[in-house]
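These are my notes from one sitting with the model. I began with a pair of packed helices and then went on to single elements and residues.

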Amino acid sequence: MIEARNISVSIGRKRIIADVDFEIRPGEMAAIVGPNGSGKTTFLKAVSGDLPYTGNISINGRDIAAMKPWQAAAMRAVLPQATALSFPFTVHEVVKLGLTGGRSGVLPGEDERLPDRALARVDLDGFAGRFYQELSGGEQQRVQLARVLCQVWAPVLDGSPRYLLLDEPVSSLDIKHQLIIMNIARDFARRGGGVVAILHDLNLAAMFADRIFVMHRGGLAAAGSPQSVLSDELISRVFECRLKVGALPAGNTPFVLPQSAAL
Amino acid sequence: MTDHAAAGPFGLMKNRATDGDRSGRARLVIAALCVVLALTVLFSLASGASDASAFAVARDWLFPSSSPADALSARDRIIVYDIRLPRVALGVLIGAALAVSGAVMQGLFRNPLADPGIVGVSNGASLGAVSVIVLGGTVLAPLTGLLGIYALPTAAFLGGLAVTLVLYRVSTRRGQTSVATMLLAGIALGAMALALTGMLIFMADDRQLRDLTFWQLGSLAGATWGKIAAAGPIIALGLAVSPFLARGLNALSLGEATANHLGIPVQRLKYVAIVAVAAATGASVAVSGGIGFIGIVVPHLLRLLIGPDNRYLLPASALLGASLLLLADAVSRTIVAPAELPIGIITAAVGGPFFLWILLRKRGIVDL
């Protein structure tokens with residue numbers, strides 16, 4: 001379980017997020033949504049250990065502030081919004097960096113083949129020998145996801161669930177690959193891990209997430225199941241434009257239809 | 001960037017290894033570089049103003065007292081064991097130190113242009129060394145009294161360390177290193193160190209001036225076992241630490257935050273890397289003056305050949321750096337024999353154009 005209580009983050013004198021409570025249990029996939037500048041990435045960075053914060057964040061009951069980097073690395077992997085690479089590594093070499101921290105959760109002998117398996121999962125078969133810097137933005141994003149998957153290949157290790165923290169994992173992908181990546185994330189959760197993903201696409205959030213956290217101006221505006229959170233009134237107010245929530249006749253997954261930029 | 005591709009000089013390896021995995025090729029290159037270094041050492045031991053032959057040297061080394069008639073003459077023995085051997089040993093140490101310092105610094109700053117010589121670290125080390133040469137008998141007498149032969153390399157190490165720390169502080173903000181700031185700050189710090197060094201030289205007496213001039217040109221001449229005993233341990237310390245930095249530096253190429261996510265204690269990595277670079281560079285400068293460009297040319301060439309994985313890049317840099325410096329030294333000893341050209345002139349004459357080539361080549365790919 002990842003538990004965050006009363007999280008506030010300030011950069012300089014500016015308070016970016018204030019008193020955010022968050023909780024995700026193993027087996028769950030959580031989506032964080034909200035307009036630009038609402039504090040989504042700042043919150044995820046606090047959970048990743050990148051930013052100083054006040055409040056308390058724990059993973060599987062252990063305070064992350066007291067954890068060594070390699071202990072945290074064994075429990076969660078982080079996909080940042082963008083990753084710049086400073087030297088000409090091949091795709092294979094970048095993905096293999098996911099194994100830096102040690103135990104991905106496969107048998108020792110299988111480590112060697114893990115980068116290829118991870119690449120196959122993100123639909124990048126045959127890319128291992130290419131140079132990372134020569135790939136398109138979407139391909140680079142998928143390479144980074146393969147690297148992250150290598151780090152925590154087994155969603156549960158020694159009985160402890162592990163977590164994926166994903167900052168806009170599908171932002172530069174075409175729709176097919178958006179679905180592939182969301183399926184990988186949901187599958188990770190179904191097999192006992194936990195996933196926290198920042199998403200801009202409310203429909204993907206509604207389709208894949210068990211719980212949606214809506215952030216607004218540095219605080220939490222709502223949290224709960226897609227059905228309970230996605231209402232015309234709430235999301236129109238948070239996103240400051242007119243949106244309409246419907247439901248597909250077949251199921252109870254809501255969808256969001258943009259109406260106009262004005263309220 | 002096609003020259004990075006797997007079908008390089010060892011393209012035959014491609015089908016056997018996993019695609020994109022250059023570790024097999026890297027191991028092969030390292031093995032080859034070991035052979036190259038061994039040959040270079042032998043060549044350096046056997047070449048010079050005197051005519052002691054390579055064969056006699058090798059034979060004397062392998063079978064020290066086999067047949068006195070064929071072995072080295074007493075004069076040749078002195079030349080080989082007390083003049084050439086310490087010089088070769090020093091060349092190997094310093095060539096390795098300069099190349100590895102360059103590679104580590106490039107990993108730390110996440111930029112292939114970072115080099116102790118270019119960003120002022122060598123100037124800082126020079127300032128430390130010159131301080132001891134000029135002030136060792138007066139103001140710094142307690143230091144020289146305490147440290148003895150280690151005073152000079154230690155002072156050079158501290159000078160280099162000070163510059164590296166300030167440079168890192170100035171050019172890195174929130175984990176992002178600005179290359180432009182790094183180069184400019186390096187120039188400013190280097191100039192400040194140079195100015196202070198100039199003032200010290202101005203204060204120096206005639207005997208000190210002779211020492212200084214000789215030393216400043218950058219040379220392996222005057223290598224003695226004593227100098228190796230003084231600088232060797234500090235250089236060895238810097239070199240010995242570097243393999244433990246390799247994985248961390250690899251992760252750091254994805255940025256500080258991601259390296260941390262991957263389990264690397266980034267702050268500790270950075271400080272250990274800075275101290276290692278300052279130790280290796282400082283002690284090298286203390287005994288041989290400023291020898292430029294080895295630190296930038298060697299890692300760059302090797303990255304083209306085996307890729308940027310520091311687990312292979314660092315040992316390969318040590319081997320190639322040592323070989324290249326020995327070759328440059330051999331040229332410096334023979335090109336104007338019986339006089340000697342300072343080796344710094346040769347590495348700069350070859351390295352300068354090479355550095356320009358890197359810049360021009362880079363411009364098309366990555367904007368500075």
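Entry 1, a helix pair. I looked up helix α9 (residues 225-252) of chain B against helix α13 (residues 310-334) of chain B: they pack at an angle of about 150°, and their axes are 8 Å apart. I take axes as lines fitted to C-alpha atoms, for helices over the stretch in contact, with angles from 0 to 180 degrees between N-to-C directions. Angles over 145 degrees count as roughly antiparallel, and α9(B) and α13(B) are therefore roughly antiparallel to each other. On the α9(B) side the contact is made by Leu239(B), Ser242(B), Pro243(B), Ala246(B), Arg247(B), Leu249(B) and Asn250(B), and on the α13(B) side by Asn310(B), Arg311(B), Leu314(B) and Ala318(B). Contact here requires C-beta atoms, placed from the backbone, within 7 Å. By class, I noted six nonpolar, three polar and two charged residues in this contact.

The model is predicted: local features need pLDDT of at least 70 and side-chain atom pairs count only at pLDDT 80 or more, while totals for chains, interfaces and linings use all residues. Residues are numbered from 1 along each chain as its sequence is written, and chains are lettered from A and ligands numbered from 1 in the order in which they are written. Helices (H or I, at least four residues) and strands (E, at least two) are DSSP runs, numbered from the N terminus.

I found 14 helices and two strands in chain B. Of its 368 residues, 51% count as buried, that is, with 20 or more other C-beta atoms within 10 Å of their own. Among chain B contacts between residues at least 6 apart in sequence, 78% join residues at least 24 apart.

Just after α4(A), Asp123(A) has a positive phi of about 65°.

I placed Ile175(A) in helix α6 (residues 175-190) of chain A. Ile175(A) is exposed, with 10 other C-beta atoms within 10 Å; the cut-off for exposed is 12 or fewer. Its C-alpha atom and that of Ala223(A), 48 residues apart along the chain, are separated by 26 Å.

How values were computed: Parallel < 35°, antiparallel > 145°, perpendicular 65-115°, else oblique. Contact = placed C-beta atoms within 7 Å. Nonpolar A, V, L, I, M, F, W, Y, C, P; charged D, E, K, R; others polar.
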